[in-house]
Amino acid sequence: MDAPTTTSADNGTSGGGGDWFTPRNKPTTTPDNEPGTPDGRHPAVIRPVGRQTADPEAPTDSAADPSTAPSPVASSPRPAPTPDTSAPAPTASAPAPPVSATAPPAEPRVPAQRPAPVSSAGSAASAPATEASPDAVLIRRAMAEVTPVADKVTSYFYALLFVRHPDLRSLFPAAMDTQRDRLLRALLTAAEHIDNTDVLVDYLQNLGRGHRKYGTRAEHYPAVGECLIGALSKYAAGVWNEEMEAAWVRTYTTISQIMIDAAAADELRAPAWWYAEVVTHDLRTPDVAVVTVRPDQPYPFLAGQYTSLETPWWPRIWRHYSFASAPRSDGLLSFHVKAVPAGWVSNALVHRARPGDIVRLGPPAGSMTVDHTTDSGLLCLGGGTGIAPIKALVEDVAEHGERRPVEVFYGARTDHDLYDIDTMLRLQQSHPWLSVRAFIDQQAHQQLPDAVRAFGPWNEYDAYLSGPPGMIRSGVDTLRDIGIPSERIRHDSVEELVAAGP
């Protein structure tokens, strides 16, 4: 199933020190052949700090990330970077401590945020906490300005990036139509969680690890930040000022350092990508295939996670797919892929891939995994190819020898789309603690989440959702309504799912 890429976060060690990202105080005129900024002002200049990490020689995939193409700063969920607002001012001169080449960076931390009254900005209402930090208020104020013109902001950002840094163009796919909004979307997603340390750090660390596959290096981040500030200052000109620029500088400095640190630590323990050979290709329906591959080296993952995948027919285009089984003793990996209109990767995998073809896999991601420290029941909702990770979760429970109840609701638009129902029914016959119910939207005249209301109660269950973004959104609302606490509802990030693309 098409999956998202999930979160990672912030390492406060980057702070704002080290002069990573120093805005100029005096306006300058941009070259004639380069997109200009408001009032002829050149965007902030970013200078890399001495604390750079080794160049991870690799490209990989949606998550999610942002999922399809490399973006030096951003990444699923299903399906992207965020800042640290309490970091020192960008003009600080003290260099950041160097990253060890042989040991992973220190445990991520985010400096304490300075509280600010919610009333200090109208946009603060969207903050997750009662009070938002001053930088969060400024970041969200800029976001409110640029969101309605996101396409223009993104186009302008890439124009700046490729004119000023043409060497970075090779990191991106030849066709930019599927990549254009991924970088900005990831940045804005991160900025939205600026005061939520756990979410922020998880999200950014995941992005940093995932971007190794694109060939992203530490020295690429300043260029991206410079052009980001240029694009934001142009399209948020109505509210932009030195204070807001400084907030974005601090934010991006923290975002980028968290990602760099995560990539450096990951480089010590895992490759940037894995080559994998297609060993079987089972066309279940005219547009759904089960593709099984053999990685060239051990590929550790957990049931319920997903990976990014690149085909030889569309270089530098990555898409996210969930693992359709728990880890196997033979090391093989299976994915359920549905070909969608204009889906480059999905159509290639369904209609073009054959045994012997070689694909590339990014690192595993996702937190929709089973907590084996509890004996709570599992309530699983899988829509369409979203049944893939649900099947993996069932196998995981079985392999752990547990007898906790597992209730699976398998939804599809037509009976034709229940392509894996026989597999699920065989699992039910083998495991008395497993119950499988199939729901066809066209026959039941209701969506899968609504069908769950008729059963239960579910308040003692951990819930897992996988499927189209719309199903996940409605499913979360339904499960909350019937008494399942939010902290017991697991799914991949909807934003990343949307960003993952076809």
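Reader: Let's start with the cysteines. How many disulfides turn up in a search of the whole structure?
Author: The search finds 0 disulfides, where a disulfide is a pair of cysteine sulfur atoms within 2.5 Å. Bear in mind that this is a predicted model: local features need pLDDT of at least 70, side-chain atom pairs count only at pLDDT 80 or more, and totals for chains, interfaces and linings use all residues. Numbering runs from 1 along each chain as its sequence is written, and side-chain values use heavy atoms, with hydrogens and water left out.

Reader: What makes cysteine 227 count as buried?
Author: Its relative accessibility is 0%, and buried means under 20% relative accessible area, exposed over 50%, and partly exposed in between (1.4 Å probe, protein chains only). So cysteine 227 counts as buried. Cysteine 380 also has a value of 0%, so it is buried.

Reader: Where does Cys227 sit, and what does its helix meet?
Author: Cys227 is in H5 and is one of the residues there that meet H2. On the H2 side, the contact includes Tyr156, Phe157 and Leu160. By class, the contact of H2 with H5 has 11 nonpolar, 1 polar and 4 charged residues. Here Ala, Val, Leu, Ile, Met, Phe, Trp, Tyr, Cys and Pro are nonpolar, Asp, Glu, Lys and Arg are charged, and the others, Gly among them, are polar.

Reader: Why are H2 and H5 called oblique?
Author: The axes of H2 (residues 150-164) and H5 (residues 221-235) cross at roughly 140° and come within 9 Å. Under 35 degrees is roughly parallel, over 145 roughly antiparallel, 65 to 115 roughly perpendicular, and the rest oblique. That's why H2 and H5 are oblique to each other. Their crossing is right-handed.

Reader: And what makes H1 roughly perpendicular to H6?
Author: H1 (residues 134-146) packs against H6 at an angle of about 105°, with the axes 9 Å apart. So H1 is roughly perpendicular to H6. Among the residues making the contact are Leu138, Ile139 and Met143 of H1, and Met244, Ala247 and Trp248 of H6. The contact of H1 with H6 divides into 7 nonpolar, 1 polar and 4 charged residues.

Reader: Why do H4 and H6 get the label oblique?
Author: H4 (residues 197-210) and H6 (residues 242-267) pack at about 55°, with their axes 7 Å apart. The pair is therefore oblique. H4 passes H6 in a right-handed crossing. Leu204 and Leu207 are among the H4 residues in the contact, and Ile255, Ile258 and Met259 are among those from H6.

Reader: How do you know that isoleucine 484 is buried?
Author: Its relative accessibility is 1%, so isoleucine 484 counts as buried. Isoleucine 484 lies in the loop between helix H12 (469-481) and strand S13 (489-491). Beyond its neighbours within four places in sequence, isoleucine 484 is in contact (heavy atoms within 4.5 Å) with Leu379, Trp458, Tyr461, Ala463, Leu479 and Ile489. The C-alpha atoms of isoleucine 484 and tryptophan 458 are separated by 6.6 Å, with the two residues 26 apart along the chain.

Reader: Why is arginine 316 called partly exposed?
Author: Its relative accessible area is 29%, so arginine 316 is partly exposed. Arginine 316 also has a positive phi of about 65° although it is not a glycine.

Reader: What makes alanine 342 exposed?
Author: The relative accessible area of alanine 342 is 68%, so exposed is the word. Alanine 342 lies in the loop between strand S7 (333-338) and helix H7 (344-352).

Terms used: Axes fitted to C-alpha atoms, helices over the stretch in contact; angles between N-to-C directions. Helix = DSSP H or I, 4+ residues; strand = E, 2+ residues; numbered from the N terminus. Left-handed = near helix turned anticlockwise from the far one by under 90°.
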